[in-house]
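Please open the model in your viewer and keep the sequence panel beside it.

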Amino acid sequence: PDKHIATPSRTKEILAKYKFSFKKSLGQNFLIDVNILKNILKHAGIDEASGAIEIGPGIGALTEQLAIHADNVLAFEIDQRLLPILADTLKDYSNIEVIHQDILQADVESAIAQHFKQDQPVHIVANLPYYITTPILMKLLRERLSVASITVMIQKEVADRMAAEPNNKSYGSLSIAVQYYTHAEVVMNVPKSVFMPQPNVDSGILQLVPREKPPVYVKDEDYFFKIVQASFAQRRKTLRNNLTSHFKGTYNKDTITNILESINIDGTRRGESLNIEEFAQLANGFYHAEK
Ligand code: SAM
């Protein structure tokens with residue numbers, strides 16, 4: 001137990017040894033609780049056959065647990081200062097590779113092909129830097145990576161938005177964007193006290209399981225996501241009013257009313273009441289009318 005990196009004493013010792021100062025701009029909040037890490041691994045479904053990809057290993061708290069419980073680990077870290085530290089803290093493990101790279105710039109699919117065995121289940125597991133949670137997750141989803149699951153610690157409010165269902169106050173275009181690619185679930189809420197330094201916000205563990213194919217057929221994905229965004233532009237407004245603003249110069253209110261009627265969607269509803277099937281119907285209907 002004492003050997004674990006993820007304890008307050010060991011973390012302080014490592015930070016002092018290397019005179020490491022946290023960079024807030026890189027979202028550096030390190031985990032100091034082994035039980036939370038074990039929970040993350042359990043939810044991620046990590047076992048001795050798994051390949052693991054970690055984004056932002058920090059000083060190696062989660063990386064170490066992955067090395068113990070998975071077959072091998074590939075980690076991407078942007079902060080150059082952490083590389084010599086990781087080489088030291090993880091020196092006892094021979095199944096870890098750390099790449100010094102911004103995950104947003106990384107070719108993750110090629111890295112998977114290079115680092116993992118063919119047919120090996122690969123899981124992405126991370127305590128993400130909060131300032132770029134959404135860009136990172138959307139990049140990973142849009143690339144349709146061949147991974148079995150993505151399990152991440154993120155800001156609770158963002159986790160709730162990504163996993164929200166219709167008529168929930170957290171439901172919005174981000175819910176649709178994430179759920180178009182994955183089954184999303186908040187599996188655990190996490191207190192601030194497990195981090196050093198403690199963040200200002202509450203956290204949650206979000207689990208994403210990529211879908212084999214999207215749950216709905218859309219004629220044009222970009223167009224679909226634009227219509228979804230337009231439908232939520234002003235949450236208190238009706239669908240018809242939001243769409244009227246969106247199509248200003250293309251369609252007037254009457255045309256919009258007609259198109260909505262032709263596809264059997266009530267324009268007095270609010271965007272937050274539509275499920276993903278109805279958004280697909282909406283986008284396909286307008287796409288058809290426009291093209
Ligand atoms: N995994 C460690 C832990 O749980 O203790 C550290 C987590 S900390 C919240 C986020 C980590 O991501 C930091 O090590 C930070 O330097 C790194 N990071 C920030 N932006 C990054 C990026 N664009 N690409 C890769 N790593 C990044």
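**The whole chain**

Of the contacts in the chain with a separation of 6 or more, 67% are between residues 24 or more positions apart, where two residues are in contact if their C-beta atoms, placed from the backbone, lie within 7 Å. The model is a predicted one, in which local features need pLDDT of at least 70 and side-chain atom pairs count only at pLDDT 80 or more, while totals for chains, interfaces and linings use all residues. Residues are numbered from 1 along each chain as its sequence is written.

Of the 291 residues, 40% are buried, a residue being buried if 20 or more other C-beta atoms lie within 10 Å of its own, exposed if 12 or fewer, and partly exposed in between, with C-beta atoms placed from the backbone.

Next select residues 36-212, where UniProt, in an unreviewed entry, places the feature "domain: Ribosomal RNA adenine methylase transferase N-terminal"; UniProt positions are given in the numbering used here, feature names are shortened, and annotations may be inferred rather than shown by experiment. This stretch is 34% helix and 27% strand, and its end C-alpha atoms are 30 Å apart.

**Strand S6 and its partners**

Select residues 149-155, strand S6: seven of its seven residues are buried, so the strand is largely enclosed by the rest of the structure. Strand S5 (residues 122-127) runs parallel to S6 and is joined to it by five bridges, two strands being paired if DSSP finds at least two bridges between them. The chain passes from S5 to S6 through helix H6 (residues 133-142) in a right-handed β-α-β crossover, that is, with the strands pointing away from the viewer, the path from the first strand over the helix to the second runs clockwise. Strand S9 (residues 203-210) is antiparallel to S6, with six bridges between them. Centre on Met-153 in S6, which stands opposite Asn-127 and has Ile-205 as its bridge partner in S9.

**Annotated positions**

Which residues does the UniProt annotation "binding site" cover? The unreviewed entry lists Asn-29, Leu-31, Gly-56, Glu-77, Asp-102 and Asn-127.

Begin with Asn-29, in the loop between H1 and S1, which is buried because 22 other C-beta atoms lie within 10 Å. Leaving aside neighbours within four places in sequence, Asn-29 is in contact with Phe-195, Pro-197 and Pro-199. Leu-31, in strand S1, is buried with 23 other C-beta atoms within 10 Å, and the residues it touches beyond four places in sequence include Leu-62, Asn-127 and Phe-195.

Then move to Asp-102, in the loop between strand S4 (96-100) and helix H5 (108-115); Asp-102 is exposed, with 11 other C-beta atoms within 10 Å.

**Around the ligand**

Finally, select the ligand, which 23 residues surround, the closest being Phe-30, Gly-56, Gly-58, Asn-127 and Pro-129; a residue counts as near if its C-beta atom, placed from the backbone, lies within 6 Å. Strand S1 (30-31), helix H3 (61-69) and strand S3 (72-77) each supply at least two residues of this shell. By class, the shell has 14 nonpolar, six polar and three charged residues, where Ala, Val, Leu, Ile, Met, Phe, Trp, Tyr, Cys and Pro count as nonpolar, Asp, Glu, Lys and Arg as charged, and the others, Gly among them, as polar.

Methods
Helix = DSSP H or I, 4+ residues; strand = E, 2+ residues; numbered from the N terminus.
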